[in-house]
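Here are my notes for a first pass through this entry. Keep the model open and follow the points in order.

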Amino acid sequence: MNRQDAEKLLNKKRYSITNDLAELQKVEEFIKDYRHFIDNGKTERMATVYAEGEAIAKGFKPFTPGETLRAGDKICYVNYNKSILLAVIGKRPLDEGCRIIASHIDSPRLDLKPQPLYENSGIAYFKTHYYGGIKKYQWTAVPLELHGVVYRADGTRIDINIGADQSDPVFYISDLMPHIGKDQMSKSASEFIPGEGLNIINGSLPIDDDGGVKLKVLSILNEKYGITERDLVTAELTAVPAIMSREVGFDRSLIAAYGHDDRICAYPALRALIDGDVPEHTSVVMLADKEEIGSYGVTGLGSESYPDFIRSLCDATGADYLACKRASICLSADVGGAYDPCYADAYEASNSVYLNCGVAVSKYTGSRGKGGCSDASAETLAKLARIFDEAGVVWQVGEYGKVDQGGAGTVASEIAHYGIEVIDCGVPLLSMHSVTELASKFDIYEMLKASVAFFKS
Ligand code: MN
Ligand code: MN
């Protein structure tokens, strides 16, 4: 058999890489924008504000359920400050369904406990409670930023953002020096930094000769923000790595950053929507919170807030909600676990996704016997494959790792619960859920192309 015939029969690995200079420039420009987003949107609140700002700048209007909408209208709806839903009303009626991309904008991190501030042996600390699946030992000895909101007793709101600016102080969790680490080093990786060991240093000066490091910190907070220890009880403060995105490698092909998961899919979806023309089918982007802890809560995709938004769009255009849901299709756009040759034992190489090989499509996620996942049907997967192939989007399929090795979940289960056809698709990552995760520039750009193609379908 000649080579051409053989290639027709085989499903060979393809690369998202390009050498076309004009295309390369587009990739670099998009990556620059993406890095600005990820460096300034490290929490769901910040990402929501950022996305809203971008949308408003492109002519999107805040949507109030009850108003009337028509083809070409561009609207956004902020859901309790931590998630945002956006839509461009298409030329066809919503009874013919919409094209939805759902991603999440929360990432694993350390939240402050409700009563966070204490002192011990001359050092002031915050107690924390980790959020999402982290390897706890990674969070020691790295600079941390602090973000969130504090409400004074009179109800006024203070936004706290400390540590991102080079002139800001940062925060820090100490680790034990290896010299006397014998006992610590003999413990398993999941135990040697316990949850209660993630205490953040936030000060070390006493208020007077009698001590009072905690009091000194409170006096600074009161002077700067007019808040007291009582106000910390109702606050929502979170610590994230004070590390900005960086290019990685001599060839600068990769981007290391905190919180790629899942802003790396959220941003391409957002840009595909706000930069796009008026689509045939109504395009919807859902940037959700709480995915990392199971999509619970009023801002998580398990909340009725999300289907309510679709229902509101139907009401606003005079369409039938049930018909709309049945005709809709959703990309659950979330990251894939790229094959890591340094940890080859955890993967099954022939069913893994690879860096620089385009967007990762997952028929199913889940763990063990596919537990907890939305296993997309062949009809859905084949439909998506056709959309991507026709648009020249480079895509690959794979699982997270070896069977019985663990697993993952996405918002696909929640979308499926609403009765909307859904499939997982996203950018492959190395070091997922680490303080900095790694992704390929070309794959990020391919996710933009995938989002554009999906909205045009
Ligand atoms: Mn994710
Ligand atoms: Mn995750």
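1. Start with strand 3 (residues 83-88). Five bridges join strand 3 to strand 13, and the two run antiparallel. One pairing to find: Val-88 stands opposite Ser-283 in strand 13. Bear in mind throughout that this is a predicted model.

2. Now take strand 4 (residues 98-104). Strand 4 runs parallel to strand 13, and seven bridges join them. Look for Ala-102, whose bridge partner in strand 13 is Met-286.

3. How many of the residues of strand 13 (residues 282-288) are buried? Seven of the seven are, so strand 13 is largely enclosed by the rest of the structure. Side chains in a regular strand alternate between the two faces of the sheet. Here Thr-282, Val-284, Met-286 and Ala-288 point one way, while Ser-283, Val-285 and Leu-287 point the other way. Both sets are buried.

4. Asp-261 bridges it and the manganese ion (ligand 1). The two ions lie 3.3 Å apart.

5. Next, the largest pocket, with about 1,200 Å³ of space. It is lined by 43 residues; closest to its centre are Gly-337, Tyr-347, Tyr-400, Gly-407 and Met-432. Strand 17 (366-367) and strand 19 (407-408) each supply at least two residues of this lining. The lining divides into 14 nonpolar, 18 polar and 11 charged residues. Domain 1 (3-107 + 258-456) and domain 2 (109-241) each give at least three residues to it.

6. The second largest pocket holds about 520 Å³ of space. Of its 31 lining residues, Arg-45, His-147, Gly-148, Val-149 and Glu-236 are the closest to its centre. Elements that give two or more residues to the lining include helix 3 (44-57), strand 7 (144-151) and strand 10 (236-241). The lining has 12 nonpolar, eight polar and 11 charged residues. At least three residues come from each of domain 1 and domain 2.

Definitions and conventions: Residues numbered from 1 in each chain as written. Chains lettered and ligands numbered in written order. Predicted model: local features only at pLDDT ≥ 70, side-chain atom pairs only at ≥ 80, totals over all residues. Heavy atoms only, no water. Buried < 20%, exposed > 50% of the residue type's maximum accessible area, 1.4 Å probe, protein only. Helix = DSSP H or I, 4+ residues; strand = E, 2+ residues; numbered from the N terminus. Pairing = 2+ DSSP bridges. Donors = N, O, S within 2.8 Å, 3.2 Å for Na, K, Ca; no water. 1 Å grid on protein atoms, 1.4 Å probe; cavity = no way out; pocket = protein on both sides within 12 Å on 5 of 7 lines; lining within 4 Å. Points joined across faces, edges and corners; volume = space filled by probe spheres on them. Nonpolar A, V, L, I, M, F, W, Y, C, P; charged D, E, K, R; others polar. Domains from an automatic or database assignment.
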